[in-house]
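We will go stop by stop.

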Amino acid sequence: MIKHHYKNLIIGFGKGGKTLAAYFASQQEEVAIIEKSPRMYGGTCINIGCIPSKSLITNADAGMPYKTSHEIKENLVTDLRKKNYKKLADTHYATIIDGEASFISPTKVKVHMAQQEIILTADRIFINTGASPSIPDIKGINGKNIYNSTTLMDIRERPAHLTIVGGGFIGLEFADMFLKFGSKVTLLESAAVFLPHEDSDVADAIHGHLIKNGLQLITEATVVQFDTQTNQTIVTYKKDQLEENFPTDAVLIATGRTPETKGLNLEAAGIATDDQGYIKVNDRLQTTAENIWALGDVNGSPQFTYISLDDFRIIKNQLSGGPYNSTDKRRLYPTAVFLSLPYAHIGLNEKTATEKGLHFKTFRIKAAVIPKAAILQQKDGILKAIVDIQTGKILGCTLFCAEAHELINIVQLAMNNALSYKILRDNIYTHPSMAESFNDLFSE
């Protein structure tokens, strides 16, 4: 039964919001959670992000046909979505409201539902609406064969030729995935340099691996228009002042993400946003409106589900009097990209450390020297770390190798506990394992 007033009101059924709702219910505090799409129970990661994409990637690695992989992905996502809904719906103190929310005031929200509109008030409001793919202004971009990272995973037929606009890591994940499924993949990147923020040796290693796997990369390419023909789309792009075009079966627009705040009427609540539209928050994740917080992708933080979960921890500690109550207390965290060889990183890279004028030593080995990499038949790649010369503390680590997404967590523990690199160098690891690569990586 929907009430008119709640102590806690959460807008958005994402990772941070659903976990916060479960916490309130466990404390016997009434909470309502509003979600505008039944296909988004559980948030981005479960429904349109890391879970479905990693399912497809895993099955592509296993050589499974695309159609079968797509069915497995659909069943997985549907099951997880139901479990997330049921976990809250079966809780006595939680109410799920299907509808679209918009603010009337800092304490009052209108919810447009399928059959009616209702007005809710709340003592505390938490915004967890996430982000969605950003769509650039390109002529013909609304053509039938043009997709974003969400809609591309819905197609049931593998495109024979996929063209990707945008050379960031989202685009690269999809490029690598569809290459493994057997598609021809062309990637158009507007920058002159591939992965310009990475160290050149790491970027070269990733570039070489993708090219070897069949990627066609065109840099310094500005897309001019899409012309959707009967079954194909003609992509026109400009390079070196000349226009060129080619036909493709599908186009993925991978040009970043934008906050999901449309329709929220944030101004009515006095909630400020930045130049990109993300909700402004302080170190306690509080917005410019009293008793309103924003957590997850919508507040402009790094867009990872584990950061949204950490936002929940920060808010929970504020409300319960715990010590971990501010983003200022957040420690270093790793990132990972699931290419054929996963890429993982934490801290500084060599380029950034040099720009900061730090005094450091670089450690580097090729993955080919690691026995487990040979066993896995994944000898491509590079492992790299930088260490403060005076203290021996690890400043950053970049891994492009088999099981990098797991290895980086070991480095994170060392860095967040201010351990010398020698601890990882001298540790005894199981053999054969990728972890024992740290014995070699950190050798003098």
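At what angle do helix H1 and helix H7 pack? Select residues 15–26 for H1 and residues 305–320 for H7. The angle is about 35 degrees, and the axes are 8 Å apart. Keep in mind throughout that this is a predicted model.

**Stop 1: H1 against H7**

Turn the view until H1 lies over H7. The crossing is right-handed. Now show side chains. On H1, pick Lys-15, Gly-16, Thr-19, Leu-20, Tyr-23 and Phe-24. On H7, the contact uses Thr-305, Ser-308, Leu-309, Phe-312, Ile-315, Lys-316, Leu-319 and Ser-320. Colour this contact by class: seven residues are nonpolar, five are polar and two are charged.

**Stop 2: H3 against H5**

Next, select helix H3 (residues 50–61) and helix H5 (residues 169–181). Their axes come within 9 Å and cross at roughly 35 degrees. Which hand does the crossing of H3 and H5 have, left or right? H3 passes H5 in a left-handed crossing. From H3, show Ser-53, Lys-54, Leu-56, Ile-57, Ala-60 and Asp-61.

**Stop 3: Arg-81**

Move to helix H4, residues 66–89, and click on Arg-81. Is Arg-81 buried or exposed? Its relative accessible area is 12%, under the 20% cut-off, so Arg-81 counts as buried. Now show what touches it. Leaving aside neighbours within four places in sequence, Arg-81 is in contact with Pro-38, Arg-39, Met-40, Tyr-41, Ile-46 and Asn-47. For a sense of distance, draw a line from the C-alpha of Arg-81 to that of Ala-414. The two are 35 Å apart in space and 333 residues apart in sequence.

**Stop 4: the cavities**

Rolling a probe the size of a water molecule over the atoms shows where empty space is left. How many cavities of 30 Å³ or more does a search of the whole structure find? It finds two.

Begin with the largest cavity, with a volume of about 40 Å³. Select its lining: Pro-133, Ser-149, Ile-170, Ile-253, Ala-254, Thr-255, Gly-256 and Arg-257. Four of these lining residues are nonpolar, three are polar and one is charged.

Now go to the second largest cavity, which holds about 40 Å³ of space. Its lining is Asp-199, Leu-348, Asn-349, Glu-350, Lys-384, Ala-385, Ile-386, Gly-396, Cys-397 and Thr-398. Strand E21 (382–388) and strand E22 (394–400) each give two or more residues to this lining. Here the classes are four nonpolar, three polar and three charged.

**Stop 5: backbone details**

Switch to a backbone view. Find the loop between strand E13 (233–239) and strand E14 (242–248), and pick Asp-240. Asp-240 is not a glycine, yet it has a positive phi of about 55 degrees. It is exposed, with a relative accessible area of 57%.

Then select Asn-291, in the loop between strand E16 (257–259) and strand E17 (292–294). Asn-291 has a positive phi of about 65 degrees, although it is not a glycine. Its relative accessible area is 38%, and it is partly exposed.

Finish at Pro-432, in the loop between helix H11 (421–426) and helix H12 (437–441). Zoom in on the peptide bond from His-431 to Pro-432. Is that bond cis or trans? It is cis, with omega near -5 degrees.

How values were computed. Residues are numbered from 1 along each chain as its sequence is written. This is a predicted model: local features need pLDDT of at least 70, side-chain atom pairs count only at pLDDT 80 or more; totals for chains, interfaces and linings use all residues. Side-chain values use heavy atoms; hydrogens and water are left out. Axes are lines fitted to C-alpha atoms, for helices over the stretch in contact, and angles run from 0 to 180 degrees between N-to-C directions. Helices (H or I, at least four residues) and strands (E, at least two) are DSSP runs, numbered from the N terminus. A crossing is left-handed if the near helix is turned anticlockwise from the far one by less than a right angle, and right-handed if clockwise. Contact means heavy atoms within 4.5 Å. Ala, Val, Leu, Ile, Met, Phe, Trp, Tyr, Cys and Pro count as nonpolar, Asp, Glu, Lys and Arg as charged, and the others, Gly among them, as polar. On a 1 Å grid over the protein atoms alone, a cavity is a set of points where a 1.4 Å probe fits but cannot get out, and a pocket is an open set with protein on both sides within 12 Å along at least five of seven lines; lining residues have an atom within 4 Å of a point. Grid points are joined across faces, edges and corners, and a volume is the space filled by probe spheres set on the points. Buried means under 20% relative accessible area, exposed over 50%, partly exposed in between (1.4 Å probe, protein chains only).
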